[in-house]
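Let's walk through the salt bridges of this protein together. Keep the model open beside you as you read.

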Amino acid sequence: MISALAAAVVIIAIITTRLLQPSAGGSGTVETKEDKAWQPLPPKDAPKKGTRLNPEEAGYSTDGQVYKSLYTLWQAEQHSMEEWYDRSVAWWDKQDPTNDGVMLGSGHLHDADIRESRALLEKTYSWWEAGKLAEHGHTWAALDAGAGIGRVTKALLLHLFGRVDLVEPSAAMMAQAQADLGSSAHWPGTPEGHKVEELMQMGLQEALFQPFRYHVVWVQECLMYLSDEDVVKFFVKARMGLEHNGVFFVKERVAARGFQVDRGQARVTRSRHLLERLFGTAELMVLDHAAAAAVPRGAHGVHMWTLTRAPPKSNPRQQEFDAAYAAGRVRKPEPSEQDLGWLPE
């Protein structure tokens with residue numbers, strides 16, 4: 001009886017000692033999840049070996065991760081979105097603040113890129129608000145979203161619009177834009193009185209816009225740095241900043257199918273199908289679309305869209321939209337049921 005009691009005391013002592021033993025770090029405290037650097041978890045529904053994927057929805061990353069859909073990508077990244085955006089800004093802060101730097105070594109395509117952009121803009125305004133760009137453009141305001149050093153503002157927007165605002169998250173790029181365009185400086189070759197009014201250093205996911213300020217919002221090769229949710233939220237916020245007949249001009253790299261993730265730049269290149277689904281989720285209507293020709297050999301293709309608000313049935317211009325739709329000039333992508341959850345309440 002005594003020997004059994006002694007044995008029990010020894011066992012209890014051993015268990016108690018192990019429970020109170022300090023962690024491997026030697027601090028003597030219990031290590032929690034918050035004490036560890038967060039690491040992305042693989043998606044809960046990551047495809048198993050041999051699983052057949054829908055090529056229109058699936059994607060892969062530069063580190064070999066395969067995703068069934070964009071939803072699974074953002075599910076895996078949901079706890080590190082701040083780090084995702086910081087990584088992309090840090091990458092751009094290291095690039096040269098020149099046309100060649102912001103075009104990733106393709107500065108020789110700058111002039112052709114601007115010609116294509118201007119052609120699409122003028123084509124849209126040849127029937128949308130016909131004649132008003134030439135007549136009233138000097139009084140209109142435009143927003144250059146993800147402006148970088150202001151390359152598009154200098155070569156295009158300031159030539160057509162009297163007031164231009166820029167928003168850009170990179171401090172290095174914004175510093176160059178400020179040096180060239182700040183303090184109401186007049187950019188050479190642009191009409192007298194045309195000027196930059198606001199330079200905002202912040203991400204598109206953070207920006208808020210004055211209601212009914214802009215006739216045009218220019219969005220070039222920056223949606224790839226936003227999550228799907230923030231793409232939709234950006235368009236919803238910027239849509240409120242548009243005049244009643246304002247237009248988005250979007251120019252974006254596209255994947256042939258599905259999507260591709262570059263973790264070094266924190267960038268997602270989506271297919272045309274996936275981008276247009278996001279446009280539809282943000283309740284935008286496609287007025288025009290074209291594939292760009294000024295693209296570096298071997299790079300992703302670049303597509304251009306003009307977008308505007310999808311009109312409610314009570315819109316007095318509904319007949320005009322119906323006629324444009326019948327002529328094949330307008331279409332509205334249908335949002336998926338999953339995407340609808342991203343619209344703000």
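The count comes to 18 salt bridges, each being a side-chain nitrogen of Lys or Arg within 4 Å of a carboxyl oxygen of Asp or Glu. Side chains of opposite charge can pair when their charged atoms come close. This is a predicted model, where local features need pLDDT of at least 70 and side-chain atom pairs count only at pLDDT 80 or more, while totals for chains, interfaces and linings use all residues. Residues are numbered from 1 along each chain as its sequence is written, and side-chain values use heavy atoms, leaving out hydrogens and water.

Start with arginine 277 and glutamate 57, whose side chains form a salt bridge at 3.0 Å, N to O. Arginine 277 sits in helix H10 (residues 272–281), and glutamate 57 in the loop between helix H1 (2–20) and strand S1 (59–61), 220 residues apart. Helices (H or I, at least four residues) and strands (E, at least two) are DSSP runs, numbered from the N terminus. Both arginine 277 and glutamate 57 are buried, that is, under 20% relative accessible area, with exposed meaning over 50% and partly exposed in between (1.4 Å probe, protein chains only).

Next, find aspartate 165 and arginine 213, with their closest N and O atoms 2.7 Å apart in a salt bridge. Aspartate 165 is in strand S4 (residues 163–167) and arginine 213 in the loop between strand S5 (195–200) and strand S6 (214–220), so the pair ties together parts 48 residues apart in sequence. Here, too, both aspartate 165 and arginine 213 are buried.

Now turn to helix H5 (residues 110–125), where glutamate 122 and arginine 118 are separated by about one helical turn because they are four residues apart. Their side chains meet in a salt bridge at 2.9 Å, N to O. Glutamate 122 is partly exposed at 37% relative accessibility, and arginine 118 is partly exposed at 32%.
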